[in-house]
Amino acid sequence: HGHAPLFADLRVCIAGGAPLPPELHEQVKNELGGRGIINAWGLTECPSPVSVFLDDPEFAFKGTVGRPGRGVEVKIVADDDQMCGPGEEGELRLKAPQLFAGYVDSSLDAAAFDEEGFLRTGDLGRRDDLGYITITGRIKDIIIRNAENISAVEVENVLHQHPAINDVAVVGLPDPRTGERACAVIVVAPGAEPPTLEQIAAHCKAQGLARLKTPEQLEFRDALPRNSMGKILKHELRATLLG
């Protein structure tokens, strides 16, 4: 840019809660100053186990969430429960001093921990040769909007109650302001008028759905893509929406 950054004494900015667009790091570095943005990854059950650190090389800032902190163990496990090698995608599982003891409803614990006591995070990622971790996706169908987790299934269950909706899928689409926005893809019931965003918002409110979970975008389709088991193929749907 050729101009001095705004804050000469700024060391670094910190982010977490949702994946970052890589160009944001560059913008912050150029405009505000400092090293840019440190991205950390974690979840309420295990706060910030993995983070970029100030003295990490530049590539770590661009797209990785850094390396495990002190005392943190991360294992990456493939679908077949095999451990992943460098560069292979699998579920990230955690053991750490700050790992929670379990849920208040202890019936949830069996699914949350694996047989070695690692937390199954539901997040997918890979680790490079130097130990830096990149988040690549999620197993759980969660939309992260303004660092708040929204269950797509919960929103779909509410939308299925609407008389004009025959079939519906809720997917997260990238949003420059909120990280992700909830987009409802609707198959309209025969003979019904396509509902408006205002009508959907009113319906969600009447059903007691939190406002932050209400879809911000509607798309209409004649049918939703499904596999032979009848499961909606959200990755295919998302790809068509992103054009």
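Just after helix α6, Gly243 adopts a positive phi of about 70 degrees. Helices here are DSSP runs of H or I with at least four residues, strands are runs of E with at least two, and both are numbered from the N terminus. The model is predicted: local features need pLDDT of at least 70, side-chain atom pairs count only at pLDDT 80 or more, and totals for chains, interfaces and linings use all residues. Residues are numbered from 1 along each chain as its sequence is written, and side-chain values use heavy atoms, with hydrogens and water left out.

Helix α6 covers residues 234–241, and Lys234, Leu237 and Leu241 are buried in it; buried means under 20% relative accessible area, exposed over 50% and partly exposed in between, with a 1.4 Å probe and protein chains only. The buried residues of α6 line one face of the helix, because they fall within an arc of 60 degrees seen down its axis. This arc is that of the directions from the helix axis to the C-beta atoms. The buried residues of α6 pack against α4, β11, β12 and β13, where contact means heavy atoms within 4.5 Å.

## Helix α5

In helix α5 (residues 197–206), the buried residues are Ile200, His203 and Cys204. They lie on the same side of α5, because they cover an arc of only 100 degrees around the axis. Glu198, Lys205 and Ala206 are exposed on the other side of α5.

The packing partners of the buried residues of α5 are α4 (152–159), β11 (165–175), β12 (179–188) and β13 (217–220). Just after α5, Gly208 takes a positive phi of about 85 degrees.

## The chain as a whole

The chain contains 6 helices and 13 strands. Its C-alpha trace spans about 60 × 55 × 35 Å along the principal axes. Of its 243 residues, 41% count as buried. Among contacts between residues at least 6 apart in sequence, 53% join residues at least 24 apart.

## The second largest pocket

The second largest pocket has a volume of about 200 Å³. Among the 14 residues that line this pocket, Ala18, Pro19, Leu20, Thr178 and Gly179 are the closest to its centre. A pocket is an open set of points on a 1 Å grid over the protein atoms alone, where a 1.4 Å probe fits, with protein on both sides within 12 Å along at least five of seven lines; lining residues have an atom within 4 Å of a point. Grid points are joined across faces, edges and corners, and the volume is the space filled by probe spheres set on the points.
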